[in-house]
Amino acid sequence: MNLNWYHLDRSKNQAVALGTGQVFSDTLTQQWAGGTTVSFNGSSKWDDVNLEFGQHVDMGEFVNLRIHGGVEYARINISSTVNGSLGAGNENITYSPVTGFAALGDQIPVGRTQSVTSRSTYNGFGPRVGTDFGYGWNNGFDVYAKGAMAMLVGTSKYTRTSLVAVNGVGSASSTSTTITPELEAKLGAKYTYAMAQGDLSLDIGWMWVNYFNALHSAPIGYAGGTRAVSDFGLQGPYLGLKWVGNVA
C-alpha cells in the first residue's frame with residue numbers, strides 16, 4: 001500500500017511598461033492604455049493525494065513489475081490579478097451578470113484605472129490504476145518507468161471581478177460538475193537504504209501530468225462570450241522520499 005502526496009505552489013509577479021501609443025490586449029480583448037504600467041500577479045497551486053494497493057512481481061533477478069489500483073484526490077487553484085488604466089476600445093465592455101453598473105454595455109471612460117481578478121479552481125475524486133516497471137541492481141540503485149490514469153469527478157469553479165475606479169464593480173461566476181480524466185508518467189531513479197524496521201528510498205526523476213478539461217471560465221467580456229474549457233498540465237523534475245515499513 002502506498003500513500004503519495006504531490007504539491008506545487010508557484011507565483012509570478014511582473015510589470016510591463018507600455019510606451020506612448022502602445023496598446024496591450026488581455027484575454028478578454030480588453031485594451032490597456034499606452035503610457036502606463038500594467039502589473040500582473042499570478043499564482044498556481046496544485047495538490048494530488050493518492051492511495052494505492054498493489055501487487056509486486058519479480059520477473060527475474062533485476063526486473064520487477066508492480067500493478068496497482070486505488071483512489072485519487074486532486075485540487076487545482078489558479079488565480080491572477082491585472083492592474084492598469086483602460087485604453088481605447090473599452091468604452092462598451094459588457095459584463096454578465098453586473099453589479100454596480102446601470103446595464104449591460106454601460107460606458108466605461110477611457111483612462112479609468114481598472115483591477116481585474118480571476119480565479120479558477122477544481123476539486124475532484126475518483127478511482128486510479130497504474131503500472132510500475134523497474135530495473136534494479138543488488139546495491140540499492142534502481143531505474144524505473146511508471147504510468148497511471150484516473151477518472152475524477154469534481155467541481156470546477158470560476159470567478160472574475162473587475163473593479164473600475166468611480167464606476168463600480170462588475171463580477172461573474174460559474175460552477176459546474178466535471179468528469180476529468182487524468183494521465184501521468186514518470187521516468188526516474190532511486191536509491192534504497194535498508195533499515196532495521198523498513199527501507200528508506202530517495203527518488204529523483206522527471207514527471208508529466210495532465211488533467212483534461214479541468215478548468216472552466218464564465219461567459220464574460222463582450223456580449224455573446226462563451227465559457228472556455230482548458231486542461232491543467234505540468235511537467236518537470238521531482239524529488240521524493242519514501243519509507244516502506246516491515247509489518248510482522
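Which residues does Ile76 touch, not counting those up to four places away in sequence? I would like to start there, and the answer is Lys45, Trp46, Ser120, Thr121, Tyr122, Tyr211, Ala214, Leu215 and Phe232. Please keep in mind throughout that what you see above is a predicted model, so each value I mention is computed from that prediction.

Let me step back to the chain as a whole. The protein chain has 10 strands and 0 helices, and from the N terminus on its elements therefore read as β-β-β-β-β-β-β-β-β-β, with strands being counted as DSSP runs of at least two residues. Of its 248 residues, 37% count as buried, and the accessible surface comes to about 13,600 Å², with 60% of that belonging to carbon and sulfur atoms. If we take the contacts with a separation of 6 or more, 70% of them are between residues 24 or more positions apart.

Is Asn77 buried or exposed? Its relative accessibility is 12%, and because buried means under 20%, Asn77 counts as buried. The side chain of Asn77 is joined to that of Arg119 by a polar contact of 3.2 Å. Leaving aside neighbours within four places in sequence, Asn77 is in contact with Ser43, Ser44, Lys45, Arg119, Ser120 and Thr121.

Finally, a word about confidence. The average pLDDT of the protein chain is 78, and 70% of the residues score at least 70. Confidence is highest in strand 9 (residues 198–216), at a mean of 92, and lowest in strand 2 (residues 24–25), at 47. Over residues 22–29 the pLDDT is below 50, although this stretch has 20 contacts in the model beyond near neighbours in sequence. The pLDDT is also below 50 over residues 89–110, a stretch with 60 contacts in the model, again beyond near neighbours in sequence.

Terms used:
Residues are numbered from 1 along each chain as its sequence is written. This is a predicted model: local features need pLDDT of at least 70, side-chain atom pairs count only at pLDDT 80 or more; totals for chains, interfaces and linings use all residues. Side-chain values use heavy atoms; hydrogens and water are left out. Helices (H or I, at least four residues) and strands (E, at least two) are DSSP runs, numbered from the N terminus. Buried means under 20% relative accessible area, exposed over 50%, partly exposed in between (1.4 Å probe, protein chains only). Contact means heavy atoms within 4.5 Å. Accessible areas come from the Shrake-Rupley method with a 1.4 Å probe; for residues, only the protein chains shown count as cover. A polar contact is a pair of N or O atoms within 3.5 Å; within protein, one must be able to donate a hydrogen and the other to accept it, and residues adjacent in sequence count only if both atoms are side-chain atoms. pLDDT is the predictor's confidence in each residue, from 0 to 100.
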